[in-house]
Amino acid sequence: MQSSDDRPRGAGDGPESSAENQEDRGVPPSREATHEDPWYDTLASGWGEPDGTGVPAAAVPPARGEWGGADPRARDVYVEVQRSAAFQEVRARYRRFVVPGVAVFLVWYMSYLVTATTAPGLMARSVAGAVNVGMLAGLGQFLTTFLFAWAYARHARLRRDRAALELRWDTQELTRGRGGAS
Amino acid sequence: MTGHHQALALLLFSGFVAVTLGITTWVSRRRQGSAEEFYAGGRLFSPMENGFAIAGDYMSAASFLGVTGLIALYGYDGMLYVVGFLVAWLVVLFLVAELVRNCGRFTLADVVAARMSERPVRIAAGTSSVTVSVLYLVAQMVGAGSLVALLLGRTSGAAQTWAVIGVGALMVVYVSLGGMRATTWIQIVKAVLLLSGTVALTALLLLRFHGDIDRLLLTAAERSGHGRAFLAPGLRYGGTWTARLDFISLGLALVLGTAGLPHILSRFYTVPTARAARRSAVWSIGLIGGFYLMTIVLGFGAAAVVGTGAVRGSNAAGNTAVPLLALELGGGAASTGGTVLFAVVAAVAFATILAVVAGITLASSASVAHDLYASLRRSRGRRRGRARSEVAVARWAAVGIGVVAIALGLLARDLNVAFLVGLAFAVAASANLPVLLYSLFWRGFTTRGAVWAVYGGLIPALGLVLLSPVVSGSPASLFPDVDFQYFPLQNPGIVSIPLGFLAGWLGTVTSDEVADEAKYAETEVRSLTGAGAA
């Protein structure tokens, strides 16, 4: 069994990340490099960063106070970012996919459930051999679940990941600049 | 069942216990005692590892033994369960996984408390998380007890009692010594074992029918004694309109409850980024979907090979359908193959229960220490050295929860396992999901709204169960001699879930507090970009 401790960050993260990981290994991750690289799975900002052994530093800041207690100017950064066109675009892309998606699969599932309980006769109608409408509808639920999951992951990877990562760095840069050490 | 089964099953199970204890020791050798490590395993797991661990957390004995048994007894109606269990993952993937990873640190309450006045919200969310976890835990403990009794052929109360105590003690050891890292590796080992066992059984079953699923289904229908009706809905949830409404209520709870289960949410904190959280959810959807497809085949297979009558004869709830099927597929009770397969299935079932129980214990000890203890203690104004001592509290909380779960597991020994799991899902969907979705997506959500959303879902869900036929008023209920049954459904979901959402809305519109724009901006930016994420 492999230890989860001594792997480089982002390892096991899929084939497409291996090239970047090769470059990153041993080199202190420079801000410029990571900024360009959407496949780089970053750890926390500032703290929790692995030390030499790859184990997160033991120092843990308090759970409370880290948000609310931040410098008021640092808090303004989030409002600023929220109103920026780049963020509005990321949010719109997320919502344009998720809202109709959730509506469609919930309606499809609930109509399956209600039909199965209230109209068993329809579900029992034979299609071919032992297979009836109910069996097809049930397997259809499995199929649509897999399809939805695939479509969501693809949409997020192609349409959101890069923009979100850039916003993340910009935001953290701004927070650090305004509020001192965040 | 002969002594050979028992000896071999015990041997295999001891092997699993030895391996898992080995993992725990090996992990705790290098532990540093940080909260990051104890609750989130250092956040260094890869999406694939976490995907397997999530699948391990989710595929409980209730699905492996319970649902296959329901299919073997009632055919199509058992299948409705697994559809709900799977579709629920789309809610998790679309609305929860990435955003929760970005906004929270260890628990569900982190996400909500970041925007609100902290103490009341944390106490409310912590209470409901612990309630859900304990209900789920009791279900698994009850399952463990009856399984041991059934599979080892000892129906005496003593064997059951010792099984519950043993499972409880092991889970406390895993969690309090190994934390999230040990728990995750145990989940991964268990998921691999369970999936391999299921694949092997399915392959053997399909070989027996020469890959002809049509013939398998027709044989199942024929041997079930119901004919073609076995392949269509209505055998279990047909009949009265109350029964049908009850099932719709259960279906709603299943599909919305998963996204509010604390032990599932806390798994997303074990990976480094939101992107990794998304990919682990996709991995787990693939694994869980494949597993449920196989359980459907195995359930119909048990009806076809063993026969519905024989399954019911062995256990009225159908829980022994898969072990009996394994016995038959191996060549029958007298053969070596049958003995080995039966023992393997029994050992895998034990391992499943043990791993699921460890995952839930960890999540609930996190809620106790990180949410309840931290908030209550803070009111007394002591803040010194809290990160270290919080982990110590969490370790002791695991012991406490273990004791409570053992006690409740022994008390609730005769309750139906599937009912308890359905109830846990209903409470999670009513108390945890509304507050989580409102805090992530509603700009104007306030502290009062958050507190009302939690209690407005939690109290009706539990109250309606108390007034339901499960507790009183019918021969099968917990207290058959008294009658205070005013609510006809067994599952409260269809009423309590809308109530949770309604209470959250009502609390928000009636409160004087104006929602903090900047804090909502922070939640929104953080949730979608990962800025400042732990």
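Axes are lines fitted to C-alpha atoms, for helices over the stretch in contact, and angles run from 0 to 180 degrees between N-to-C directions. The model is predicted: local features need pLDDT of at least 70 and side-chain atom pairs pLDDT 80 or more, while totals for chains, interfaces and linings use all residues. Residues are numbered from 1 along each chain as its sequence is written, and chains are lettered from A and ligands numbered from 1 in the order in which they are written.

**Exercise 1.** Determine how the axes of helices α18 and α19 of chain B cross.

Solution. Step 1: helices are DSSP runs of H or I with at least four residues, strands runs of E with at least two, both numbered from the N terminus; here α18(B) covers residues 447-466 and α19(B) residues 493-510. Step 2: their axes come within 7 Å and cross at roughly 155 degrees. Step 3: α18(B) is therefore roughly antiparallel to α19(B), a term for angles over 145 degrees. Step 4: the crossing of the two is right-handed, meaning that the near helix is turned clockwise from the far one by less than a right angle.

**Exercise 2.** Classify the residues in the contact of α18(B) with α19(B).

Solution. Step 1: two residues are in contact if their C-beta atoms, placed from the backbone, lie within 7 Å. Step 2: α18(B) contributes residues including W452(B) and P460(B), and α19(B) residues including L499(B) and L506(B). Step 3: Ala, Val, Leu, Ile, Met, Phe, Trp, Tyr, Cys and Pro count as nonpolar, Asp, Glu, Lys and Arg as charged, and the others, Gly among them, as polar. The contact then divides into twelve nonpolar, eight polar and one charged.

**Exercise 3.** Is helix α10(B) largely enclosed or largely open?

Solution. Step 1: a residue is buried if 20 or more other C-beta atoms, placed from the backbone, lie within 10 Å of its own. Step 2: twelve of the 17 residues of α10(B) are buried, so the helix is largely enclosed by the rest of the structure. Step 3: among the buried residues are D246(B), F247(B) and G257(B).

**Exercise 4.** Which helix of chain A gives the most to the side that touches chain B?

Solution. Step 1: 66 residues of chain A are in contact with 69 of chain B. Step 2: α3, α4, α5 and α6 of chain A each supply at least two residues of that side. Step 3: α6(A) gives the most, with 19 residues. Step 4: the side of chain A divides into 37 nonpolar, 19 polar and ten charged residues.

Technical notes:
Parallel < 35°, antiparallel > 145°, perpendicular 65-115°, else oblique.
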